[in-house]
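Work through these exercises with the model open beside you. Try each task before you read its solution.

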Amino acid sequence: MMHMTLYWGIKVTLLFDCWKTDSWFSYLLSLLACFLFSAFYQYLEDRRIRFKAIAVSNPSQQPPPVNAPLLTPKRRASSAKFATALLFGINAAIGYLLMLAIMSFNGGVFLAIVLGLTVGYVLFRSGDEEVVVVENTCACA
C-alpha cells in the first residue's frame with residue numbers, strides 16, 4: 001500500500017518495485033544512495049552553470065550579421081552549448097527522480113535528499129555568485 005502522508009519506518013519502496021527495503025541495513029544504504037544522488041545533482045548543476053558561462057563569454061567567431069528584417073541569422077551550435085543542453089537534460093531527469101523518491105512519503109528519504117541537496121550546494125555551488133558577478137561584468141563591458 002502506498003502511503004499518502006509522511007511516515008517513519010524502514011519499509012520503503014523507492015522508484016521501482018525491486019528497490020524495497022526490509023532491514024535497517026538496506027534502509028540506511030538507500031538513504032545513503034539518496035543523499036549521494038542529491039549531492040551529485042548539485043554537482044551537475046554547477047557544471048551546467050559553468051559551461052553556460054563559458055558559452056556566453058566565448059562566442060564563436062562569426063561574421064557580423066546581415067541586417068535583413070525577414071531573415072534570421074543561422075547560429076552554429078558550439079560544443080559548450082551542446083554540453084550545457086546535455087547536462088540540463090540529465091539534471092532534469094535526476095531532479096524528477098529525486099522528486100519521485102520524496103513522493104514515497106518516507107521521512108528518512110525526505111531528510112536524506114534535503115540534506116544531500118544542502119551539502120551538495122555548500123560543496124559545489126556556494127561559489128556560483130562569483131560566476132554570476134563575473135558574467136555580468138563581462139556583459140556590461
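The exercises below go from the whole chain to single residues. Keep in mind that this is a predicted model.

**Exercise 1. The overall fold**

Task: State how many helices and strands the protein chain has, and give their pattern along the sequence.

Solution: 
- Step 1. Count the elements. The protein chain has 4 helices and 2 strands.
- Step 2. Read them along the sequence. The pattern is β-β-α-α-α-α.
- Step 3. Look at burial. Of the 141 residues in the chain, 28% are buried.
- Step 4. Residues 24 or more positions apart account for 75% of them.

**Exercise 2. The annotated spans**

Task: Find which residues the UniProt annotation "transmembrane region" covers, then describe the spans 24–44 and 82–102 in the model.

Solution: 
- Step 1. Take the record. The unreviewed UniProt entry places "transmembrane region" on residues 24–44, 82–102 and 108–124.
- Step 2. Check residues 24–44. This span is 100% helix and 0% strand. Its end C-alpha atoms lie 30 Å apart.
- Step 3. Check residues 82–102. Here too the chain is 100% helix and 0% strand. The end C-alpha atoms are 30 Å apart.

**Exercise 3. Aromatic pairs**

Task: Say how many aromatic pairs the whole structure holds, and classify the pairs Trp-24 with Tyr-27 and Phe-40 with Tyr-43.

Solution: 
- Step 1. Recall the description. A pair of aromatic rings is described by the distance of the centres and the angle of the planes.
- Step 2. Count. A search of the whole structure gives 3 aromatic pairs.
- Step 3. Take Trp-24 and Tyr-27. Their ring centres are 6.0 Å apart and their planes meet at 80°, so the pair is edge-to-face. The cut-off for that class is over 60 degrees.
- Step 4. Trp-24 and Tyr-27 both lie in helix H1 (residues 24–57). They are 3 residues apart, about one turn of the helix.
- Step 5. Compare accessibility. Trp-24 is exposed because its relative accessibility is 58%. Tyr-27 has a relative accessible area of 6%, so Tyr-27 is buried.
- Step 6. Take Phe-40 and Tyr-43. Their ring centres are 6.2 Å apart and their planes are at 25°, so the pair is stacked. Stacked planes are under 30 degrees apart.
- Step 7. Phe-40 and Tyr-43 both lie in helix H1, 3 residues apart, about one turn of the helix. Phe-40 is partly exposed at 39%, and Tyr-43 is partly exposed at 32%.
- Step 8. Follow the links. Ring pairs join Phe-40, Tyr-43 and Phe-124 into a cluster.

**Exercise 4. Positive phi**

Task: Find where Leu-15 and Phe-105 lie, and give the phi of each.

Solution: 
- Step 1. Take Leu-15. Its phi is near 60°, a positive value in a residue other than glycine. Leu-15 is in the loop between strand E1 (12–13) and strand E2 (20–21).
- Step 2. Take Phe-105. Its phi is about 65°, also positive, and Phe-105 is not a glycine. Phe-105 lies in the loop between helix H2 (79–102) and helix H3 (107–125).
- Step 3. Check accessibility. Leu-15 is partly exposed at 33%. Phe-105 is partly exposed at 26%.

**Exercise 5. The largest pocket**

Task: Give the volume of the largest pocket and describe its lining.

Solution: 
- Step 1. Read the volume. The largest pocket has about 330 Å³.
- Step 2. Count the lining. It has 14 residues. Met-2, Thr-13, Leu-14, Met-103 and Ser-104 lie nearest the centre.
- Step 3. Sort by class. The lining has 9 nonpolar, 3 polar and 2 charged residues.

Definitions and conventions
Residues are numbered from 1 along each chain as its sequence is written. This is a predicted model: local features need pLDDT of at least 70, side-chain atom pairs count only at pLDDT 80 or more; totals for chains, interfaces and linings use all residues. Side-chain values use heavy atoms; hydrogens and water are left out. On a 1 Å grid over the protein atoms alone, a cavity is a set of points where a 1.4 Å probe fits but cannot get out, and a pocket is an open set with protein on both sides within 12 Å along at least five of seven lines; lining residues have an atom within 4 Å of a point. Grid points are joined across faces, edges and corners, and a volume is the space filled by probe spheres set on the points. Ala, Val, Leu, Ile, Met, Phe, Trp, Tyr, Cys and Pro count as nonpolar, Asp, Glu, Lys and Arg as charged, and the others, Gly among them, as polar. UniProt positions are given in the numbering used here, feature names are shortened, and annotations may be inferred rather than shown by experiment. Rings of Phe, Tyr and Trp (its six-membered ring) pair if their centres lie within 6.5 Å; planes under 30 degrees apart count as stacked, over 60 as edge-to-face and the rest as tilted. Buried means under 20% relative accessible area, exposed over 50%, partly exposed in between (1.4 Å probe, protein chains only). Contact means heavy atoms within 4.5 Å.
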